[in-house]
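This report describes selected features of one protein model. Please examine the sequence and the structure before reading on.

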Amino acid sequence: MAQPKGVDWTVVILTCQYKDNVQVFQRELEVRQKREQIPARTLLLAVEDPEMRVGSGGATLNALLVAAEHLSARAGFTVVTSDVLHSARILILHMMCFLPLPQLSLFFDILLCMARNVNREDFLVGQPPEMGQGDADMKSYLHGARAALWSELRNQPLTMAYIPDGSYSYMTSSASEFLHSLTFPGAPTAQVVHSQVEEPQLLGAKSSVVSCLLEGPVQLGPGSVLQHCHLQGPIHIGTGCLVSGLDTAQCEALHGLELHDLVLQGHHVRLHGAPSRVFTLVGCLDSWERQGTGTYLNMPWSEFFQKTGIRDWDLWDPDTPPAERCLLSARLFPVLHPSRALGPRDMLWMLDPQEDRGKALRAWRACWRLSWEQLQPCLDRAATLASRRDLFFRQGLHKVRHVLEARQDLSLRPLIQAAVREGCPGPLLATLDQVAAGAEDPGVAARALACVADVLGCMAEGQGGLRSGPAANPEWMRPFSYLECGDLAAGVQALAQERDKWLSRPALLVRAARHYEGAGQILIRQAVMSAQHFVSMEPVELPAPGQWVVAECPARVDFSGGWSDTPPLAYELGGAVLGLAVRVDGRRPIGARVRRIPEPELWLAVGPRQDKMTTKIVCWNLEDLQDYCQPHAPGALLKAAFICAGIVHVGSKLSLREQLLHTFGGGFELHTWSELPHGSGLGTSSILAGAALAALQRAAGRVVGTEALIHAVLHLEQVLTTGGGWQDQVGGLMPGIKVGRSRAQLPLKVEVEEITVPEGFIQKLNDHLLLVYTGKTRLARNLLQDVLRSWYARLPAVVQNARSLVQHTEECTEAFRQGSLPLLGQCLTTYWEQKKRMALGCEPLAVRRMMDVLAPHVHGQSLAGAGGGGFLYLLTKESQQKEALEAVLAKTEGLGNYSVHRVEVDTQGLSLQLLANETST
């Protein structure tokens with residue numbers, strides 16, 4: 001599902017009332033840009049208001065002037081010109097303090113004077129609705145300001161953008177209205193944003209939690225809001241409250257209380273240069289107006305005085321006029337105590353003042369106190385933002401642990417990038433180490449190690465080379481050995497110790513990231529080896545010495561679901577792949593043959609069936625088998641097959657000669673072949689492994705069922721360290737059209753369902769199915785590493801696409817059951833798009849050109865396997881189109897060394913036969 005695209009702002013401007021805050025907010029904007037929350041090309045400006053009481057209107061005009069100045073300079077002008085504003089998209093944000101001061105209004109002053117049906121006289125005597133009655137001086141000030149606005153702006157053109165079903169919430173001084181704007185009245189559940197909540201069931205409907213860490217039982221009533229808090233329960237916050245800026249040090253003050261319709265806030269302040277913490281408490285229903293009947297804690301002043309014992313002289317000077325004695329000017333809030341730090345209790349006592357017989361009142365009177373008005377200039381914005389950033393990463397570390405341990409499909413990459421770009425990757429790495437070391441599930445540990453690799457890669461900042469690459473530096477072998485023998489905690493600790501030596505420059509960081517991915521591969525192998533639980537065999541009579549056991553297999557074509565069979569997706573998401581066993585140009589192109597020989601040795605031959613240049617290897621001792629886990633070593637697959645078949649034990653104290661003589665009275669000769677080009681995408685290596693294992697087991701006097709063989713190949717490929725999924729062996733060892741499925745669990749078990757199609761449809765499919773060799777050898781290993789990296793990062797697009805692959809398999813299955821070629825063509829087209837989303841770069845330009853040329857002639861087409869090259873398979877609109885498509889391709893330049901091949905569904909699958917002695921195949 002595509003993410004909605006936001007506005008591409010040219011300039012983002014934040015206006016500030018206080019000069020000291022400009023640099024603080026400029027840095028904060030730049031932090032957001034580093035986090036990629038704001039595009040890199042957007043100009044960011046924090047701007048001081050020209051005067052204290054210009055309001056949003058005056059601040060807007062000043063912001064536009066500053067924007068014009070910067071854009072003019074960016075465009076190369078030497079003077080300010082308004083021309084640069086014509087095509088600019090400018091977002092202006094106003095940082096306003098919570099004071100109902102008369103100000104110029106953007107809507108009721110600036111825009112109103114530009115509107116039609118407004119005359120000068122009515123405009124000059126009007127006033128913003130939030131101003132109230134005001135005094136004569138302020139009315140005179142507004143009259144003069146409006147006159148200037150009318151003179152300058154009246155004839156300016158005004159363009160309106162209509163927003164269907166839009167609304168505008170005008171901010172007033174009402175705390176209850178402000179609280180309402182932070183909640184979602186129509187939401188049936190609480191809204192949790194950038195927060196970690198251990199017990200979300202305790203959050204009431206229509207409540208909101210923003211940038212918080214809530215541990216234990218923290219109950220939040222309906223319509224209440226928590227912001228920037230780290231709380232540890234038990235805490236009960238009732239209905240209609242706003243609580244912000246509290247941390248664990250203040251939690252005890254809330255124990256046993258139930259707040260209702262209150263605003264409790266913790267503030268960072270700076271008093272005469274010294275940092276401090278101050279706490280304020282007001283009622284949501286309190287009036288902040290200077291005129292009229294005042295209230296505090298949602299009650300009239302007279303009732304408040306009677307309840308608490310506080311007197312008016314505690315709050316206002318004797319010469320303060322009655323009209324000025326309001327909540328704004330009341331010295332209610334302690335900012336300094338003679339002997340201790342302040343806390344919420346220094347305000348919360350007012351809710352139940354009789355509890356301590358006046359002790360809290362005396363302590364309150366002993367404090368230096370400020371009014372809300374006096375407090376505003378003392379607020380330390382830098383400390384506030386630093387505290388919020390610290391909380392962001394604190395709750396981020398909890399999120400990391402919870403997401404990994406709960407196996408959630410949420411991406412941690414944004415948090416990783418934020419931690420690295422803001423210079424604090426250390427705590428994140430430590431948390432990932434702890435999760436990996438303590439994990440009981442190898443999948444959790446592997447994902448944690450993959451996240452460490454992501455952190456290291458991010459620290460390299462795009463330098464130091466490709467993330468995909470070898471991971472075989474000798475310095476990392478010690479931690480790898482711990483992981484191989486199952487000592488996860490020691491392995492993670494050794495990895496961290498080695499990691500510390502590789503942090504000095506990008507090239508080392510990238511190589512360390514590769515080794516962490518290599519460590520993750522070890523854990524994946526251990527998880528996949530659980531498939532060995534489903535490998536079983538029956539004893540049969542040994543073939544006679546010299547008698548060939550021949551296994552032959554078709555290739556496979558995948559029609560949907562590929563990648564979902566690849567570990568760890570196969571056991572974390574669950575996989576489903578629909579595949580066809582196929583003959584290419586009438587032949588079954590993959591096979592193996594084995595016979596017993598009198599010499600206690602292993603004779604290996606690899607290559608095309610009739611090729612005289614076949615690679616031949618002789619293993620005389622166990623040392624000759626030691627490279628069985630190095631995929632590029634000559635004969636590595638065949639050596640691994642002997643080990644996985646249980647014919648040879650490389651860890652035995654007996655020599656190879658002694659093992660072979662004792663059990664079989666001699667050795668074995670094994671030949672394997674494939675008539676398909678390397679990197680074909682038709683599942684050659686896995687099917688070849690299955691053929692070799694089947695032939696070896698039969699030559700050793702054992703028979704393995706096909707489903708057991710599927711799991712045996714999974715095990716072999718982990719021993720070989722090539723990884724890979726199960727779709728290839730399912731597609732080539734099992735006959736016909738079928739769906740393989742694995743559940744999201746360990747041990748990994750693959751179940752196969754044969755798909756029944758309408759009578760005659762197999763022949764129809766054969767007439768319309770063709771293979772085109774693209775001439776490009778695919779590089780599946782790098783594609784695999786990229787896909788696993790994206791999956792472990794749980795990138796939303798990759799997670800959604802992986803789920804779609806599984807779902808699409810069921811839709812493709814139905815198309816086969818209906819016997820509909822057009823529907824199957826649509827399935828292929830969809831499948832290829834899914835493959836491209838899964839593995840970026842899997843479609844070379846030459847292949848795209850070939851597919852474009854073929855598109856008018858086919859129902860659908862896709863590259864086989866992971867893509868990147870190899871075979872292209874296509875479903876033609878007309879039957880028997882091999883020669884016709886060859887002619888089409890021959891007219892197209894730049895396609896390279898391609899070839900077109902007939903293909904047909906194989907209804908036999910793996911075949912196993914014993915030939916007479918010394919008979920050549």
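Two strands pair if DSSP finds at least two bridges between them. The model discussed here is predicted. Strand S31 covers residues 769-773, and it pairs with strand S33 (residues 871-876) in the antiparallel sense over 5 bridges. Within this pairing, Leu769 stands opposite Leu875 in S33. S31 also pairs with strand S34 (residues 899-905), again in the antiparallel sense, over 4 bridges. Here Val772 stands opposite Val900 in S34.

S31 is mostly covered, as 5 of its 5 residues are buried. Leu769, Leu771 and Tyr773 are buried on one side of the strand, while Leu770 and Val772 are buried on the other.

## An open sheet of 6 strands

Elsewhere, an open sheet is built from 6 strands in the order S4-S6-S9-S12-S14-S15, and its pairing is mixed. Strand S4 (191-193) and strand S15 (274-283) form the edges, each pairing on one side only. On average, neighbouring strands of this sheet are turned by 15° against each other, direction ignored.

Val209 stands opposite Leu226 in S9.

Asp314 belongs to helix H8, which spans residues 312-315. Its relative accessible area is 10%, and therefore Asp314 counts as buried, the limit being under 20%.

Leaving aside residues up to four places away in sequence, Asp314 touches Arg331, Trp364, Arg365 and Arg369. The side chains of Asp314 and Arg365 are joined by a polar contact of 2.9 Å.

Terms used. Residues numbered from 1 in each chain as written. Predicted model: local features only at pLDDT ≥ 70, side-chain atom pairs only at ≥ 80, totals over all residues. Heavy atoms only, no water. Helix = DSSP H or I, 4+ residues; strand = E, 2+ residues; numbered from the N terminus. Buried < 20%, exposed > 50% of the residue type's maximum accessible area, 1.4 Å probe, protein only. Polar contact = N/O pair within 3.5 Å; in protein donor to acceptor, adjacent residues only side chain to side chain. Contact = heavy atoms within 4.5 Å. Axes fitted to C-alpha atoms, helices over the stretch in contact; angles between N-to-C directions.
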